[in-house]
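Colleague: I am new to this protein. Can we go through the terms together?
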Amino acid sequence: LRGNPGGYINTCRHLASLIVPREHIGKLFATYRYNSLRTKQLYEETGSPLRYEYLKDDYITQQRNLDMKRLLCLVNKSSASCSELLINSLSPYMDVIVIGETSRGKDVGMEVYSNPQYKYVLQPIVFRTYNALGDSVPMTGIEPDIYVKSNYLQLGDVNESYLKTALTYIINNESYEK
């Protein structure tokens, strides 16, 4: 997730659904709390002031789920938005260990508003995300469990500091307590 400033929530949710322990497939992935205007619209449309997204429970996730109990995430100050959402949303369901530097701290999302009369679209920030425990990504970023300063080697190089730390952790089968 290092260097990943975000992406599409549906892609993040799909990835989380493939990683999460099998017994949590279909459970709450994230809750979205909107600004006051969108909250009012949402309530009028759905009867709820919040929007909920669940981990996917379909043929692909049932057949391809990795049933992981622990996930090591390599992050840096450029890791934001969906990268942080993945960490935050999986945390209630499994042991997520963050290695690297503090992430950016972007726990908000945008919606697209368009009008066919105009060639431009608006993408204002309108919601904040929360995990199944009601926790949001801190605005100061996600602090790593294991702090490592990057030595900026080629990604995949086993001497690159984040990867080396993760591999050492795995090889030593360390019992890490948060």
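Colleague: How many helices and strands are in the protein?

Modeller: There are five helices and nine strands. Helices are DSSP runs of H or I with at least four residues, and strands are runs of E with at least two, numbered from the N terminus. This is a predicted model: local features need pLDDT of at least 70, side-chain atom pairs count only at pLDDT 80 or more, and totals for chains, interfaces and linings use all residues. Residues are numbered from 1 along each chain as its sequence is written, and side-chain values use heavy atoms, without hydrogens and water.

Colleague: What pattern does the protein follow along the sequence?

Modeller: The pattern is α-β-α-β-α-β-α-β-β-β-β-β-β-α.

Colleague: Where is the place of Y32?

Modeller: Y32 sits in strand β1, residues 28-34.

Colleague: Why does Y32 count as buried?

Modeller: Buried means under 20% relative accessible area (exposed is over 50%, partly exposed in between; 1.4 Å probe, protein chains only). Y32 has 0% relative accessibility, so Y32 counts as buried. Of the 178 residues of the protein, 41% count as buried.

Colleague: What is Y32 in contact with, leaving aside its neighbours within four places in sequence?

Modeller: Contact means heavy atoms within 4.5 Å. By that rule, Y32 is in contact with I9, L50, R51, E53, F127, R128 and T129.

Colleague: How far apart are Y32 and F127 in sequence and in space?

Modeller: They are 95 residues apart in sequence, but 5.8 Å apart in space, C-alpha to C-alpha. Across the protein, residues 24 or more positions apart account for 72% of the contacts with a separation of 6 or more.
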